[in-house]
Amino acid sequence: MRLMGMMAGGPPPEDGEEENVFSRARGPSPAEKQTRKAVLVGLVLLLLAGIWLYLQGGENRALNALSPAQRASLFQETRDSFREMCMGDAGTTRFPKRCAQMADFLTRFTECDTACQREIAPALQRSMR
């Protein structure tokens, strides 16, 4: 038995101790397991953050994909709806969330000039409160 221990490259086993030929094939230590888990969790979080960022830009990508005529038409329809629903006597008090969403959507258009920005400003300010 002592000879096999020495041939395997390790010290000979002590008396009463069994020789473990597979001692190098042990599993990872607890510290290694924690490191692997931390790396895996980090990668999953990074992937989720990337997906979230990609989805946040989806509306802008959709607007940029429209033809100029479609984009102008959508802008005009949204602006007209905003004026009808959110301006005037009722203002943004009747539908504050919807008006804030429409105002935010209008800011994504390059067609929203200074006059447009002034019109939607009250709805945007209410949404920030």
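Trainee: How many disulfides does the structure hold?

Mentor: There are 2 disulfides in the structure, a disulfide being a pair of cysteine sulfur atoms within 2.5 Å. This is a predicted model, where local features need pLDDT of at least 70, side-chain atom pairs count only at pLDDT 80 or more, and totals for chains, interfaces and linings use all residues. Residues are numbered from 1 along each chain as its sequence is written, and side-chain values use heavy atoms, with hydrogens and water left out.

Trainee: What makes C86 and C99 a disulfide?

Mentor: The sulfur atoms of C86 and C99 are 1.9 Å apart. That value is within the cut-off, so the pair qualifies as a disulfide. The link of C86 and C99 is left-handed, with -95° about the S-S bond. This pair links distant parts of the chain, 13 residues apart: C86 belongs to helix α4 (residues 68-86) and C99 to helix α5 (residues 96-107). Helices (H or I, at least four residues) and strands (E, at least two) are DSSP runs, numbered from the N terminus.

Trainee: Which cysteine does a disulfide join to C112?

Mentor: The partner of C112 is C116, with an S to S distance of 2.0 Å, which is also within the cut-off for a disulfide.

Trainee: Why is the disulfide of C112 and C116 called left-handed?

Mentor: The torsion about the S-S bond of C112 and C116 is about -90°, and the disulfide is therefore left-handed. Counting bonded cysteines along the chain, the disulfides follow the pattern 1-2, 3-4.

Trainee: Why does C112 count as buried?

Mentor: Buried means under 20% relative accessible area, exposed over 50%, and partly exposed in between (1.4 Å probe, protein chains only). C112 has 8% relative accessibility, so C112 counts as buried. C116 is at 1% and therefore counts as buried too.

Trainee: Why is N60 called partly exposed?

Mentor: N60 has a relative accessible area of 32%, so N60 is partly exposed. N60 lies in helix α3 (residues 58-65). The C-alpha atoms of N60 and R108 are separated by 7.1 Å, although the two are 48 residues apart along the chain.

Trainee: Why is R79 called buried?

Mentor: R79 has a relative accessible area of 10%, so R79 is buried. Its place is in helix α4.

Trainee: Which side chain does the side chain of R79 make a polar contact with?

Mentor: The side chain of R79 makes a polar contact with that of E119, at 3.3 Å. A polar contact is a pair of N or O atoms within 3.5 Å; within protein, one must be able to donate a hydrogen and the other to accept it, and residues adjacent in sequence count only if both atoms are side-chain atoms. Not counting residues up to four places away in sequence, R79 touches L106, D113, A115, C116 and E119, contact meaning heavy atoms within 4.5 Å.

Trainee: Why does F109 count as buried?

Mentor: The relative accessibility of F109 is 3%, so F109 counts as buried. F109 is placed in the loop between α5 and α6 (114-128). Residues up to four places away aside, F109 touches L63, R71, L74 and F75. F109 and F75 are 34 residues apart in sequence and 7.1 Å apart in space, C-alpha to C-alpha.

Trainee: Which residues have the most contacts inside the largest nonpolar core?

Mentor: They are F75, F82, A103 and I120, in a core of 15 residues. The elements that give two or more residues to this core are α4, α5 and α6, and α5 gives the largest share, 5 residues. A nonpolar core is a set of buried Ala, Val, Leu, Ile, Met, Phe, Trp, Tyr and Cys residues joined through side-chain atoms within 4.5 Å. Leaving aside neighbours within four places in sequence, A103 is in contact with F82, I120, A123 and L124.

Trainee: Which residues of α5 are buried?

Mentor: The buried residues of α5 are C99, A100, M102, A103, F105 and L106.

Trainee: How many helices and strands does the chain come to?

Mentor: The secondary structure comes to 6 helices and 0 strands. Of the 129 residues of the chain, 19% count as buried.
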